[in-house]
Amino acid sequence: MRWISCPDRVWRVAVGALIAQTACAAFAAPLAFITNQGSHDVSVVDIATSKVIRTIGVGKAPAGVAVSAAAGKAFVSTPGDNSVTVIDLGSLAAVDRFEAGQGAVGIAVSHDGRMLYLADWYGGRVLAFDTRSHQPVAQAKVGTAPAGVTVSPDDATLYLANRDDNEVMALDARTLAIKARIAVGEHPFAVGITPDGRLLLALNVLSNDVSVIEVATRKTLATLAVGRAPYGVAFSGDSQRAYVTNQHDESVSVIDLAALRLQATWRAAEYPEGIAWADGKLIVVSWMEDRVQVLDAISGQAIASVPVGGNPRGFGQMLAP
């Protein structure tokens, strides 16, 4: 064997590149933070290995989750004790808990990681917090039973489902001033916006359909029938497909967003709630079976099943890179 000398600077660059490549590979697959309402904890699932790597105790009856890589934290709404639990993404430990709203479930973080938004179910408000200090910075009265909440990709607009008013409200994400009210189907619970920011979807649990809204004009382009009680929504990375969990049908509806039509209906776990898309996989949370189901996002075929805590929900942004 013949050794070849290497200048020190070149060696350091080569070693640094190798470390960076190794780190990127190690974190290529995301972690899913699954809120377990029955066992009052969060299961952290490694999607690459389909295993729970950590169980984190939180407040009472956790439901909503908002993971922010930019903030380095996961925020969990716990309507059982009217609080939010903060999880550090580095240590995978709960580091704070603060009071927030009355029975709040819907929760979201701005894309820059600076602002946390909470839909105050019984208070009829939307609440905004600083993600660093966890202190409240603004609040505004909205409609009746505000549920799901999401933020536009440019962090300019907050969208909120007022369930009992059959509407989605658009608010200024900085001031919480109301920009528009958009009529949708019966009892919208979840809302989601495509990664490209073009379309907003409202999931109407009583009319069993999805309202597809053009963000630029705030006009409803289509109302698509899905399964019974649509609850959670996820999007493919290219914004071409939406995936909707149907609580009472044990199914996932696949929507072609270019053609604005229902493309397929896949069998899923019992009482599916939260859902996320990651690199061609769907993570589907089964409330009744205490597990997370992993499906192929193209065929709908089951890939894995991961036992988690009691009555998991995973409502919101559950994935961390």
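A residue is called buried when its relative accessible area is under 20%, and exposed when that area is over 50%. The structure used in these exercises is a predicted model.

**Exercise 1**

Decide whether Ser251 is buried or exposed, and state where Ser251 lies in the fold.

Solution.
- Step 1: Ser251 belongs to strand β22, which covers residues 251-256.
- Step 2: The relative accessibility of Ser251 is 2%.
- Step 3: The cut-off for buried is under 20%, so Ser251, at 2%, is buried.

**Exercise 2**

Find which residues are in contact with Ser251, leaving aside neighbours within four places in sequence.

Solution.
- Step 1: A contact requires heavy atoms within 4.5 Å.
- Step 2: With those neighbours left out, the contacts of Ser251 include Val244, Thr245 and Asn246.
- Step 3: Thr265, Trp266, Arg267, Ala268 and Pro272 are also in contact with Ser251.

**Exercise 3**

Describe the secondary structure of the protein and work out why it counts as compact for its length.

Solution.
- Step 1: The protein has one helix and 29 strands.
- Step 2: Its radius of gyration is 20 Å, and the globule rule gives 20 Å for 321 residues.
- Step 3: The two values are close, so the protein is as compact as a globular protein of that length.
- Step 4: The C-alpha trace spans about 75 × 45 × 40 Å along the principal axes.

**Exercise 4**

State what share of the residues is buried, and what share of the accessible surface belongs to carbon and sulfur atoms.

Solution.
- Step 1: Of the 321 residues, 55% are buried.
- Step 2: The accessible surface comes to about 13600 Å², and 52% of this surface belongs to carbon and sulfur atoms.

Conventions: Residues are numbered from 1 along each chain as its sequence is written. This is a predicted model: local features need pLDDT of at least 70, side-chain atom pairs count only at pLDDT 80 or more; totals for chains, interfaces and linings use all residues. Side-chain values use heavy atoms; hydrogens and water are left out. Helices (H or I, at least four residues) and strands (E, at least two) are DSSP runs, numbered from the N terminus. The radius of gyration is taken over C-alpha atoms; the globule rule is 2.2 Å times the number of residues to the power 0.38. Buried means under 20% relative accessible area, exposed over 50%, partly exposed in between (1.4 Å probe, protein chains only). Accessible areas come from the Shrake-Rupley method with a 1.4 Å probe; for residues, only the protein chains shown count as cover.
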